[in-house]
Amino acid sequence: MAYRRSALMEERLASNRERILAAARRLIAEGGYREAQIAAVAAEAGMSTGMIYRYFRSKADLFIEVMTAAIARELELLNEIAEGPGTAKARLYAAVESFTRRALTGPNLAYAFIAEPAEPEVDIARIRVRQQLGNVFKAILKEGITGGEFPAQDMDASAACIVGAYTEALVGPIAPKGQRVKDQERLIQSICDFCVRAVSQPINPSGKR
């Protein structure tokens, strides 16, 4: 007869997993990926390191799950903007602003998700995240092109460039030893303006607009 876990056991396992993920996220938010060592996560969650390894094979696996959950929420917020009212340009600006503003509010977490040195499997997960973010901007671009707000263009390339532009622009300001920006509002506006302008004004082969 196959062993079946009771509902209570399933609930306890799920609860332990959530405690681990919450502890890891807190540590990453406070000090980045480098601070979320398994021993530190175990201490934060009030568990043994052995218990952590019952749920996650490695620090990288744990971080990827933390990132996946955070990005799912991020995508939720961005899709609300993308599917909301207003012109395509206004929604594109608002979506970039939304991500940028939250990144500057939680720099350690954002840096860990975007650029902090990590294992190869984490970098692969980051690529998937960028593709998911790109899909949001691709949807906005498609509507904008159809409505005549944006010129015809390669939407996949343009969406990827938008994500690349605003994430790269954030790396310095959110890096642990980076230079914190005094005028964050100006930085946010500059990033948003650049992203909208980049997909709004085509350049012909001669280089003239």
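This is a predicted model: local features need pLDDT of at least 70, side-chain atom pairs count only at pLDDT 80 or more; totals for chains, interfaces and linings use all residues.

Biologist: Why does Ser98 count as buried?

Modeller: Ser98 has 13% relative accessibility. Buried means under 20% relative accessible area, exposed over 50%, and partly exposed in between, with a 1.4 Å probe and protein chains only. So Ser98 goes down as buried. Ser98 lies in helix α5 (helices are DSSP runs of H or I, at least four residues, numbered from the N terminus). Beyond its neighbours within four places in sequence, Ser98 is in contact with Leu78 and Ile81; contact means heavy atoms within 4.5 Å.

Biologist: How do you know at what angle α5 and α9 pack?

Modeller: Lines are fitted to C-alpha atoms over the stretch in contact, and angles run from 0 to 180 degrees between N-to-C directions. For α5 (residues 88–105) and α9 (residues 184–200), that gives about 145 degrees, with the axes 9 Å apart. Residues of α5 that meet α9 include Leu92, Val96 and Leu104. The residues of this contact divide into 11 nonpolar, 4 polar and 5 charged (Ala, Val, Leu, Ile, Met, Phe, Trp, Tyr, Cys and Pro are nonpolar, Asp, Glu, Lys and Arg charged, the others, Gly among them, polar).

Biologist: What makes a space a cavity, and what makes it a pocket?

Modeller: On a 1 Å grid over the protein atoms alone, a cavity is a set of points where a 1.4 Å probe fits but cannot get out, while a pocket is an open set with protein on both sides within 12 Å along at least five of seven lines. Lining residues have an atom within 4 Å of a point; for the largest cavity they include Leu104, Pro107 and Gln184.

Biologist: And which residues are closest to the centre of the largest pocket?

Modeller: The largest pocket has a volume of about 390 Å³. Of its 21 lining residues, Ile71, Glu74, Phe99, Ala110 and Phe113 are the closest to the centre. The largest share of the lining, 7 residues, comes from α4.

Notes:
Residues are numbered from 1 along each chain as its sequence is written. Side-chain values use heavy atoms; hydrogens and water are left out. Helices (H or I, at least four residues) and strands (E, at least two) are DSSP runs, numbered from the N terminus. Grid points are joined across faces, edges and corners, and a volume is the space filled by probe spheres set on the points.
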